[in-house]
Amino acid sequence: MTTLDHPGNPTRIKPTFLGRMHEWIATADHKKLGVMYVTTGLIFFLIGGLEATMMRWQLAVPGSTLLSPSDFNRLFTMHGTTMVFLVGMPILLGVANYFVPLQIGARDLAFPRLNAFGFWLFFFGGLLLYFSYFGAQGLYGMGSAPDVGWFAYAPLTERTYSRGHSTDYWILGLLVSSFGSIATGINLITTILTMRCRGMTLMKMPLLVWLMLIDAVLIMIAMPPLAAAQVMLLFDRLLGAHFFDVQGGGSAILWQNLFWFFGHPEVYILILPAFAYVSEIIPVFCRKVIFGYPLMVAATVSIGFISLGVWVHHLFALGLSPMVNTIFMGSTMLIAIPTGIKMFNWVGTMVGGKIRFDTPMLFSTGFLALFLIGGLTGIMLSVVPFDWQVSDSYFVVGHFHYVLFGGLVFSIFAAIYYWFPKVTGRMMNEALGKWQFWLLFLGFNLTFGPMHVSGMLGMPRRIYTYHADRGWDLWNLLSSIGVLVQIAGVAFFVWNVIHSLRKGREAGADPWDAWTLEWSTASPPPDYNFEEIPEVYSRRPLWDIKHPDDPDWKYE
Amino acid sequence: MSTLNAQPVGAPTPPDALPQTLNSGKCGMLCLIASEITFFGTLLAVYLFYIGKDPVGTPTPAEMLDVSVAPLKVVFNSIFLLTSSIWITLAVRQLARGNIKAFAVWWLLTILFGLEFLVGTGFEWYGLIAEQGFTIRTNLFGSGFYTVVGFHAAHVTIGLFLLSLVFVLTCLGKMHQRHTEKVELLSWYWHFVDGIWIVVFTIVYIIGH
Amino acid sequence: MTSEDRTNPNREGIELPAPTSAPFVCAFGVTLIFAGIVTNWAVSIVGFVLGIVGAIRWWHEVLPDNRKECLPIDGRRPTIEVSPGGVAHLMTAESPHRARIPLEIHPYGAGVKGGIAGGIAMAIVAGVWGWVDQSSIWYPVNILGATVLPDFAHENATQLAQWHTAAFVLGLVIHACMSLMIGLLYGVILPMIPRFRLGFAAVAVPLIWTGLAWASLDIINPLLNQQINWWWFIGSQVAFGLACWFVVSRSERIGTMQNWSMLERTGMESPGIREMGGDG
Ligand code: HEM
Ligand SMILES: [Cu+2]
């Protein structure tokens with residue numbers, strides 16, 4: 001085993017700073033782009049977190065005047081938009097970028113230059129969105145960010161109600177970055193379908209690859225309709241068209257349908273990668289094969305299908321006909337079946353396993369617990385009468401943070417702890433990792449658990465303050481205190497990354513004794529990934545090599 | 001020590017996992033077309049949704065599309081666009097045979113036919129906007145009409161641009177038989193643009209009429 | 001990727017797409033075109049020019065053929081340690097290899113029976129409470145009905161003690177459905193619990209369930225909440241758990257179908273399949 005003097009490219013002369021900059025800007029390498037995606041996503045995560053902190057600070061006590069109402073509107077709009085489009089999307093695309101080619105034994109994505117193009121579109125789109133803080137002409141000539149909520153309901157977004165350019169920035173920034181996502185989605189589909197190494201039939205692909213395939217298909221199907229809707233809105237605002245202009249006969253309900261036709265698949269676009277990471281991590285740390293691989297694949301495909309047909313559950317409070325509501329209530333509940341199958345398969349993998357609770361596994365277990373709660377509140381929300389009671393309240397905020405933060409973000413941390421050694425050649429620190437996990441777990445539940453209560457007590461979402469006599473004080477205070485604990489947790493993470501990059505223990509090629517192809521190459525992998533393109537005989541090629549007396553291919 | 005591509009004793013020789021018929025280029029182009037279809041699908045769904053819902057009423061699709069366009073003209077233009085699909089197929093076939101000159105001729109014909117369609121649309125719009133004063137802000141029908149037809153025209157423009165690029169390269173003598181694959185993919189895109197026009201035409205000029 | 005470069009006989013280096021700044025320039029141009037819409041048309045012009053510049057560079061990369069660079073092999077080639085043996089197998093006589101747990105389950109019928117038994121036991125305890133506390137065994141039935149008939153919650157204790165047909169039918173249906181569902185769940189989950197099955201069935205689940213009901217009912221329907229005696233509530237849940245556990249755990253366990261072939265699972269008649277080993 002060769003030692004690494006300086007991770008990167010040992011055979012080259014150490015480049016200058018400008019040289020290195022140029023290397024990153026001009027790269028078409030899927031690994032560099034993957035790192036850039038994830039890093040950008042994490043930076044936006046800190047920004048979005050800052051916005052959330054300011055909102056919770058304002059809401060900690062009743063009648064607070066720290067923020068003006070319009071600042072508050074901008075904060076929740078930018079927070080939601082950032083977390084979905086500038087944190088979730090780039091991180092999931094980045095991890096897929098890095099590990100899909102490695103896991104299928106390829107040297108790059110199918111279209112490397114398109115891949116770079118996709119990343120830069122995302123990057124500049126994000127910058128354009130944030131430039132609105134300086135550029136969008138507000139009423140008094142000051143810049144201002146979008147303030148119409150992340151789903152930008154019409155007719156609030158029409159020229160009459162949203163003056164200046166803030167909403168235009170929301171449209172344009174997202175348009176640009178979603179073009180990038182669509183391009184990368186297409187790239188991933190093509191890579192997975194046409195570039196697998198010899199022997200890797202579809203049913204021998206690692207689950208991460210399967211999940212990212214379905215994810216990319218959802219991106220390809222669901223994001224263009226959002227672009228179309230945004231273009232129509234843009235025409236309304238700039239050219240005076242009437243699509244969503246209610247005075248001119250346009251329909252506000254149509255916007256809601258169009259947005260959520262994208263929006264619900266989008267939340268599954270965000271959660272499928274979380275499923276992907278834990279499906280890779282749990283078997284390795286339980287020393288067992290994943291329970292029910294074919295069923296996992298089937299559940300993934302059916303989630304993909306069903307998620308395209310449930311969007312009206314975001315519109316229950318709209319007063320559509322009972323027939324429509326009932327149909328979508330049914331389809332929404334249906335999606336819990338494949339999701340439940342997955343939960344059982346993960347637990348089934350753990351049962352009887354020799355579990356090692358290293359940080360990646362801790363975060364994966366946290367994911368299971370929190371995502372379960374979020375899934376259950378989701379099923380509660382799919383019941384129309386109950387939804388009428390709590391729609392647009394903090395209960396819904398609690399629900400989607402349990403699935404998105406408890407689900408997606410926890411699994412992202414699991415993935416970072418798991419693959420950091422592969423990407424950098426160094427291990428992350430376990431002790432700091434455990435601190436981070438427990439602080440985050442505690443803080444998370446302290447923040448978002450009470451929201452279910454304040455929501456049931458009638459507290460609407462997106463209000464900038466409230467009266468003291470509503471009985472919401474305690475719950476809001478708890479939520480805000482939880483944020484402080486979470487900040488401590490995230491601080492441990494940042495510390496851990498910086499510390500481990502410089503002083504982390506050397507990882508070697510395969511620190512977790514894992515089984516998929518990415519662990520067969522050096523850490524960090526050479527530019528060409530594999531000196532020789534591998535051949536596989538089962539779903540766990542490295543297992544076969546490590547245990548020639550008991551290979552998997554005999555039983556698959 | 002063991003390598004990753006040594007076949008274990010007794011293991012079945014792995015089949016080549018990849019279907020021979022689907023290579024990266026084709027797969028990518030099909031995906032691009034799929035995502036374009038959902039884009040146009042959304043615009044067209046909105047157009048269909050708004051048919052007959054215009055509170056302003058006048059001008060109605062029937063009035064506008066009859067007076068200035070004279071349906072015959074649109075049909076005429078459409079025939080040009082649709083036949084260009086035939087010419088591009090013939091062109092690709094010639095290139096596959098290595099017949100560069102014949103390729104160039106059919107390719108040029110495709111471009112000219114596409115151009116005719118674009119110019120035709122231009123005249124139609126000029127008539128509507130300048131002579132009838134019917135614009136995107138007039139009413140819901142105007143919004144939908146210009147958006148749908150406009151996005152289609154934009155796709156034709158992009159297509160023509162790419163086609164011309166290939167033509168220029170051909171004239172410079174840089175096109176060879178081995179490029180058949182790339183050129184064929186471009187022709188798929190062109191077929192898609194034509195196919196979408198059939199749907200747009202049906203919805204805007206027949207159903208919505 | 002063609003099959004030639006897959007085996008890569010070329011030892012000197014490996015060809016990869018050459019780095020290029022074209023995508024960066026192009027993407028920046030596209031963004032500026034859009035940014036111009038909300039700032040100044042001049043920005044769009046600059047963006048357009050940049051976009052074209054980027055596109056031309058891009059074409060030079062891919063037309064007429066993709067540009068590649070040849071990277072030297074850096075020799076860091078990790079070895080994969082072979083470690084035969086040392087694998088703990090889950091094996092039984094039935095499943096020659098790689099069994100999946102649980103190996104045996106209770107039949108679904110046991111869950112159904114357990115649910116029925118539990119439902120009866122629970123009803124008895126609830127009835128006793130109604131009799132002792134309010135001297136009416138209809139009281140608990142009416143309260144259950146009140147969860148879906150909102151008007152009921154406003155009634156006072158004497159009204160709730162009387163017979164109401166609607167409440168009785170509704171309460172019975174709700175009770176039967178819930179009992180069956182939870183019985184089925186018990187039947188499925190109990191074999192998965194490694195230890196303390198009785199504690200799980202008769203203590204943990206009743207307490208958790210009561211806690212949930214107690215916490216949410218206070219918010220959802222505070223009036224109804226006042227009518228309920230939570231100690232008796234726990235008692236009836238424990239009665240359910242005990243009875244259900246008793247019935248389920250006395251049922252005969254059956255093996256899972258994990259070693260069966262597809263044909264056997266679908267129930268096809270084909271003698272000899274089992275011996276041939278199936279397709280596992
Ligand atoms: C068991 C599966 C799920 C069900 C049945 C479900 C159901 C629902 C329902 C009915 C609503 C609408 C509530 C309302 O606005 O009144 C909702 C909102 C939401 N859900 Fe879920 N959900 C599920 C899983 C997920 C997952 C996996 C995610 C994302 C990872 C997610 C993210 C969201 C978000 C972001 C919203 C709020 C959107 C907004 O109004 O801003 N849900 N869910
Ligand atoms: Cu949804």
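**Figure 1. Residues around ligand 1 in the predicted model.** In this predicted model, a polar side-chain atom of A:His399 lies 2.9 Å from a nitrogen atom of ligand 1. A polar side-chain atom of A:Trp150 is 2.9 Å from an oxygen atom of ligand 1, and a polar side-chain atom of A:Arg461 is 2.8 Å from an oxygen atom of ligand 1. In total, 23 residues surround ligand 1, and the closest are A:Trp150, A:Asp387, A:Ser391, A:His399 and A:Arg461. Helices H7, H10 (359–381) and H12 of chain A each contribute at least two residues to this shell.

Figure 2. Ligand 2 is a copper ion coordinated by A:His264 through ND1, by A:His313 through NE2 and by A:His314 through NE2, at 1.9 to 2.1 Å. Along the sequence, these donor residues follow the spacing H-x48-H-H. A:His264 counts as buried, with a relative accessibility of 6%, whereas A:His314 is partly exposed, with a relative accessible area of 30%. The copper ion and the iron atom of ligand 1 are separated by 4.4 Å.

**Figure 3. Helix H3 of chain C and its buried face.** Helix H3 of chain C consists of 22 residues, 41–62. At 1.5 Å a residue, the helix should span 32 Å, and its end C-alpha atoms are 31 Å apart, which agrees. The buried residues of H3 are C:Ser44, C:Gly47, C:Gly51, C:Gly54, C:Ala55, C:Trp58, C:Glu61 and C:Val62. Seen down the helix axis, these buried residues fall within an arc of 105 degrees, so they line one face of H3. The elements that cover them include helix H4 (112–135) of chain A, helix H6 (180–207) of chain B and helix H2 (22–38) of chain C. At the start of H3 in chain C, a side-chain oxygen of C:Asn40 comes to within 3.0 Å of the backbone nitrogen of C:Ala42.

Figure 4. C:Leu50 is a residue of helix H3 in chain C. With a relative accessibility of 25%, C:Leu50 counts as partly exposed; a residue is called buried under 20% and exposed over 50%. When neighbours within four places in sequence are left aside, C:Leu50 is in contact with C:Val25, C:Phe28, C:Gly29 and C:Leu32. C:Leu50 and C:Val30 are 20 residues apart in sequence, and their C-alpha atoms are 8.1 Å apart in space.

**Figure 5. Two cis peptide bonds in chain A.** The peptide bond from A:Ala154 to A:Pro155 is cis, and its omega is near 0 degrees. A:Pro155 is located in the loop between H4 and helix H5 (166–194) of chain A. A cis peptide bond also leads from A:Ser523 to A:Pro524, with omega near -10 degrees. A:Pro524 lies in the loop between helix H14 (473–503) and helix H15 (541–546) of chain A.

**Figure 6. Residues with positive phi.** A:Asn529 is not a glycine, yet its phi is positive, at about 65 degrees. This residue is in the loop between H14 and H15 of chain A, and A:Asn529 is buried, with a relative accessible area of 1%. C:Phe196 is likewise not a glycine and has a positive phi of about 50 degrees. Its position is the loop between helix H7 (165–189) and helix H8 (197–220) of chain C. At 68% relative accessibility, C:Phe196 counts as exposed.

**Figure 7. Helix H9 of chain A and the glycine that follows.** The 29 residues of H9 in chain A should span 42 Å at 1.5 Å a residue, and the end C-alpha atoms are 42 Å apart, which agrees. After this helix comes A:Gly352, which has a positive phi near 80 degrees.

Key
Residues are numbered from 1 along each chain as its sequence is written. Chains are lettered from A and ligands numbered from 1 in the order in which they are written. This is a predicted model: local features need pLDDT of at least 70, side-chain atom pairs count only at pLDDT 80 or more; totals for chains, interfaces and linings use all residues. Side-chain values use heavy atoms; hydrogens and water are left out. Helices (H or I, at least four residues) and strands (E, at least two) are DSSP runs, numbered from the N terminus. The expected span of a helix is 1.5 Å times one less than its number of residues. Buried means under 20% relative accessible area, exposed over 50%, partly exposed in between (1.4 Å probe, protein chains only). The arc is that of the directions from the helix axis to the C-beta atoms. Contact means heavy atoms within 4.5 Å. A polar contact is a pair of N or O atoms within 3.5 Å; within protein, one must be able to donate a hydrogen and the other to accept it, and residues adjacent in sequence count only if both atoms are side-chain atoms. Donors are N, O and S atoms within 2.8 Å of the metal (3.2 Å for Na, K and Ca); water is not among the atoms, so sites may look incomplete. A residue is near a molecule or strand if one of its heavy atoms lies within 4 Å of it.
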